Amino acid sequence: MVDRLTALDASFLYLEEPGTPMHVGAVLVLDRPSGEFDLETLVELVRARLPLVPRYRQKVVEVPGHLANPAWVDDPDFDLGYHVRRSALPRPGTEEQLLDLVARLTARPLDRSRPLWEMYLVEGLAGDRTAVVTKTHPALVDGLGAIDIAQVILDPDPAAGTTPLPAADPWLPRRPPGAAALVWEAVEDYLRRPSDVLETARTAVGDVRATAVRWAGVAGGLAAALARTAVSPAPASSLNAPIGRQRRVAVARATLDDLRVVRAAHGGTVNDVLLTVITGALREWLLSRGEPVVSSTTVRALVPVSVRGEDDAAAGEVRSFLVDLPVGEPNPRVRLTRISYAMRGVAPSGQSVGAGTLSALSGFAPPTLHALGARAASGLSRRLFNLVVINVPGPQVPLYAGGARMAEVFPVVPLVRGQGLAIGLTSYDGTVYVGLNGDRDSVSDVDVLADLIEQEVGQLVEAATA
């Protein structure tokens with residue numbers, strides 16, 4: 001039996017278009033011990049850890065006729081040298097040059113004929129540093145855990161990556177099934193689940209209305225959220241515009257101590273403070289672009305957050321909230337109060353969407369209908385929300401790759417059609433790192449927004465300690 005993709009994982013493949021690659025990424029900046037961390041070190045480190053992540057040596061194959069979800073199969077031509085590559089900046093490489101390289105790498109889709117991940121060692125950074133840039137398709141790794149691929153090479157012990165590991169058994173790929181075998185197994189799946197056959201028949205006769213009813217029944221909280229946003233769509237914003245194939249990436253930083261100072265002075269959670277920071281920065285950014293900002297102006301964000309404690313790095317269930325950020329409010333303290341109230345109030349109102357609900361939503365649909373539904377959902381994005389803000393907690397202790405200490409880590413969240421900006425945040429070793437991925441045409445000044453985020457943190461801390 002083949003290992004089939006879940007409907008949710010398959011949806012990320014169906015959602016993808018040439019101009020909107022869906023891979024998530026991260027930029028890991030490493031302090032090199034005496035310049036010893038090189039491509040050979042990284043390749044051997046990844047090679048030693050591959051048995052821990054067998055999916056990294058598998059590729060996706062489609063079932064003829066889309067009779068079932070795609071399947072994972074071993075890649076008989078797996079080439080580690082293709083997936084782990086070397087790049088370099090002119091010495092001494094600046095952060096701006098690094099981010100320009102990251103933007104070009106981010107804009108390039110992954111090769112669907114190979115395992116859906118890539119890793120780049122970037123040499124030449126100033127200060128005897130190097131960077132590792134990762135790209136992983138969310139069908140392979142959870143999209144909300146954008147830096148989870150780093151678990152392949154990172155250790156809390158600086159000596160762990162330099163100590164030779166026991167030799168692993170040679171990897172022998174299983175022969176991938178042929179087209180006939182994939183079709184036969186798909187037919188067997190349907191025979192074991194007659195309800196799927198009925199759903200396929202519904203699709204075949206174009207009974208979209210009946211399917212939509214079931215969608216609403218299964219989706220639960222999501223259906224309610226969609227109903228509300230249909231009545232009250234996301235506000236018009238320049239963030240929602242046709243986007244091209246090129247990207248700009250910028251980064252910002254804030255210490256957890258500073259954020260906690262603001263939280264202690266004004267209440268709320270660290271996540272509320274971060275949303276307030278982003279709201280204030282968006283306000284100033286819109287004004288710098290000459291866009292109208294009045295007291296009622298808002299920007300709607302889709303905010304996936306953990307439902308467990310904010311300081312719990314082992315985040316449990318993730319829920320997605322639609323939050324109207326009050327960019328028209330000039331007072332930062334009032335902005336924080338409004339956002340804290342909104343984050344407390346959205347869950348009881350039913351606007352939260354649980355991870356289990358999303359799984360059930362995508363799980364009922366036959367693959368062909370699911371592909372159409374995922375593409376339709378990408379078209380709805382500009383009506384539902386203006387941007388995505390994903391905050392993923394990380395470890396608060398130093399991590400090492402091959403003995404090189406990870407100094408910083410920035411997430412790179414993908415854009416969807418009609419969405420010009422995505423913001424990813426992750427905390428690591430006392431600092432929150434913000435990665436901004438913007439469309440090169442419509443959000444070319446994303447670096448200005450990054451600077452404004454850091455300025456907003458400083459202003460909030462100053463107000464909290466005054």
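These are my notebook entries on what I looked up in this predicted model.

**Ground rules**

I number residues from 1 along each chain as its sequence is written, and I work with side-chain values that use heavy atoms, with hydrogens and water left out. Since the model is predicted, I take local features only at pLDDT of at least 70 and side-chain atom pairs only at pLDDT 80 or more, whereas totals for chains, interfaces and linings use all residues.

**Overall content**

I began with the secondary structure and found 14 helices and 16 strands in the chain, where helices (H or I, at least four residues) and strands (E, at least two) are DSSP runs numbered from the N terminus. Of the 466 residues in the chain, 50% are buried; buried means under 20% relative accessible area, exposed over 50%, and partly exposed in between, with a 1.4 Å probe and protein chains only. I then looked up contacts, meaning heavy atoms within 4.5 Å, and noted that residues 24 or more positions apart account for 79% of the contacts in the chain with a separation of 6 or more.

**The open sheet**

In what order do the strands of the six-stranded open sheet run? I read the order as β5-β6-β7-β2-β14-β13, with mixed pairing; two strands pair if DSSP finds at least two bridges between them. Strands β5 (84-93) and β13 (400-401) stand at the edges with a single partner strand each, so one side of each is left without a neighbour in the sheet.

**Helices α9 and α10**

I next took up the pair formed by α9 (residues 256-266) and α10 (residues 270-288), which pack at an angle of about 95° with their axes 9 Å apart. That angle makes α9 roughly perpendicular to α10, a label that covers 65 to 115 degrees, with under 35 counted as roughly parallel, over 145 as roughly antiparallel and the rest as oblique. The axes are lines fitted to C-alpha atoms, for helices over the stretch in contact, and the angles run from 0 to 180 degrees between N-to-C directions. From α9, Leu 256, Leu 259, Arg 260, Val 262 and Arg 263 meet Val 270, Val 273 and Leu 274 of α10. The residues of this contact divide into six nonpolar, no polar and two charged, where Ala, Val, Leu, Ile, Met, Phe, Trp, Tyr, Cys and Pro count as nonpolar, Asp, Glu, Lys and Arg as charged, and the others, Gly among them, as polar.

**Salt bridges**

How many salt bridges does the structure hold? I find 22, a salt bridge being a side-chain nitrogen of Lys or Arg within 4 Å of a carboxyl oxygen of Asp or Glu.

One of them joins Arg 112 to Glu 16, with the closest N and O atoms 2.8 Å apart. Arg 112 lies in the loop between α4 (95-107) and β6 (117-125) and Glu 16 in the loop between α1 (7-15) and β2 (24-31), so this pair ties together parts that are 96 residues apart in sequence. Arg 112 is partly exposed at 37% relative accessibility, whereas Glu 16 is buried at 10%.

I also looked up Arg 253 and Glu 95, whose side chains meet in a salt bridge at 2.4 Å, N to O. With Arg 253 in strand β8 (residues 247-255) and Glu 95 in helix α4, the pair ties together parts that are 158 residues apart in sequence. Both ends are partly exposed, Arg 253 at 25% and Glu 95 at 36%. Salt bridges that share partners join Asp 31, Glu 95, Arg 129, Arg 253 and Glu 408 into one network.

**Backbone checks**

Most residues other than glycine have a negative phi, and most peptide bonds are trans. Against that background I noted that the peptide bond from Arg 91 to Pro 92 is cis, with omega near -10°, and that Pro 92 sits in strand β5. Asp 128 has a positive phi, near 55°, and is found in the loop between β6 and β7, where Asp 128 is partly exposed at 39%. Asp 429 also has a positive phi, near 50°, and lies in the loop between β15 (421-428) and β16 (431-439).
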